[in-house]
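Student: I would like to go through the labels used for this chain and check each one against its criterion. Can we start when the model is in view?

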Amino acid sequence: MAREVKLNELTALLETASYPLSVETARREFDDVQLVYADGSEPLAAVLDRISDEQFSSPDEAQSSIYNALPVEGVGEPGQSEGEG
């Protein structure tokens with residue numbers, strides 16, 4: 001059964017791994033994790049597939065790389081607009 005992890009819970013999940021952590025190892029270790037977005041969800045492994053890094057040196061680096069690979073619609077409230085008004 002998949003573990004559902006909200007984005008605000010991602011740091012705690014990433015801190016459970018040993019570092020340095022290869023992206024390939026992260027895919028295997030978190031293959032059952034489903035990231036829950038503001039508007040839907042996606043397997044963490046699919047997000048990791050979009051990352052060009054080969055290794056993370058810390059949980060913070062892993063989180064930053066993952067956040068940079070998230071789809072735009074995955075972050076924030078549905079229909080939310082930034083910079084307008």
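**Labels and their grounds**

Tutor: Arginine 50 forms a salt bridge with glutamate 42, and their closest N and O atoms are 2.7 Å apart. Keep in mind that this is a predicted model.

Student: Why is the contact between arginine 50 and glutamate 42 called a salt bridge?

Tutor: The cut-off is 4 Å between a side-chain nitrogen of Lys or Arg and a carboxyl oxygen of Asp or Glu. The closest N and O atoms of arginine 50 and glutamate 42 are 2.7 Å apart, so the pair meets the definition.

Student: What makes glutamate 42 count as buried or exposed?

Tutor: Its relative accessible area is 13%. Buried means under 20%, so glutamate 42 is buried. Arginine 50 has 42% relative accessibility; that value falls between the limits of 20% and 50%, so the label is partly exposed.

Student: Which residues are linked in a network of salt bridges?

Tutor: The network links Glu24, Arg27, Arg28 and Asp49. In the structure there are five salt bridges. Glutamate 24 pairs with arginine 27, with closest N and O atoms 3.0 Å apart, and with arginine 28, where the distance is 3.8 Å.

Student: Where does the side chain of arginine 27 reach?

Tutor: It reaches the backbone oxygen of leucine 48 at 3.2 Å. A polar contact requires N or O atoms within 3.5 Å, and 3.2 Å is inside that limit. Leaving aside residues up to four places away in sequence, arginine 27 touches Ala45, Leu48 and Asp49.

Student: What makes the pairing of E3 and strand E4 (residues 40-43) count as strand pairing?

Tutor: At least two bridges are needed. Four bridges join E3 to E4, so the strands pair, and they run antiparallel. Valine 36 stands opposite serine 41 in E4, and E3 and E4 form a hairpin with two residues between them. Strand E1 (residues 3-6) also pairs with E3, in the parallel sense, over four bridges; there glutamate 4 stands opposite glutamine 34 in E3.

Student: Which residues of E3 are on the covered face, and which on the uncovered one?

Tutor: Val33, Leu35 and Tyr37 are on the covered face, with Gln34 and Val36 on the uncovered one. In a regular strand the side chains alternate between the two faces of the sheet.

Student: Which residues touch the most other members of the largest nonpolar core?

Tutor: Of its 22 residues, these are Phe30, Leu35, Leu44, Val47, Leu48, Phe56 and Ile66. Helices H1 (10-14), H2, H3 (44-49) and H4 (59-69) and strand E3 (33-37) each supply at least two residues of this core. Leucine 44 touches Leu13, Phe30, Val33, Leu35 and Ile66, not counting residues up to four places away in sequence.

Methods: Residues numbered from 1 in each chain as written. Predicted model: local features only at pLDDT ≥ 70, side-chain atom pairs only at ≥ 80, totals over all residues. Heavy atoms only, no water. Polar contact = N/O pair within 3.5 Å; in protein donor to acceptor, adjacent residues only side chain to side chain. Contact = heavy atoms within 4.5 Å. Core = buried A, V, L, I, M, F, W, Y, C linked by side-chain atoms within 4.5 Å. Buried < 20%, exposed > 50% of the residue type's maximum accessible area, 1.4 Å probe, protein only.
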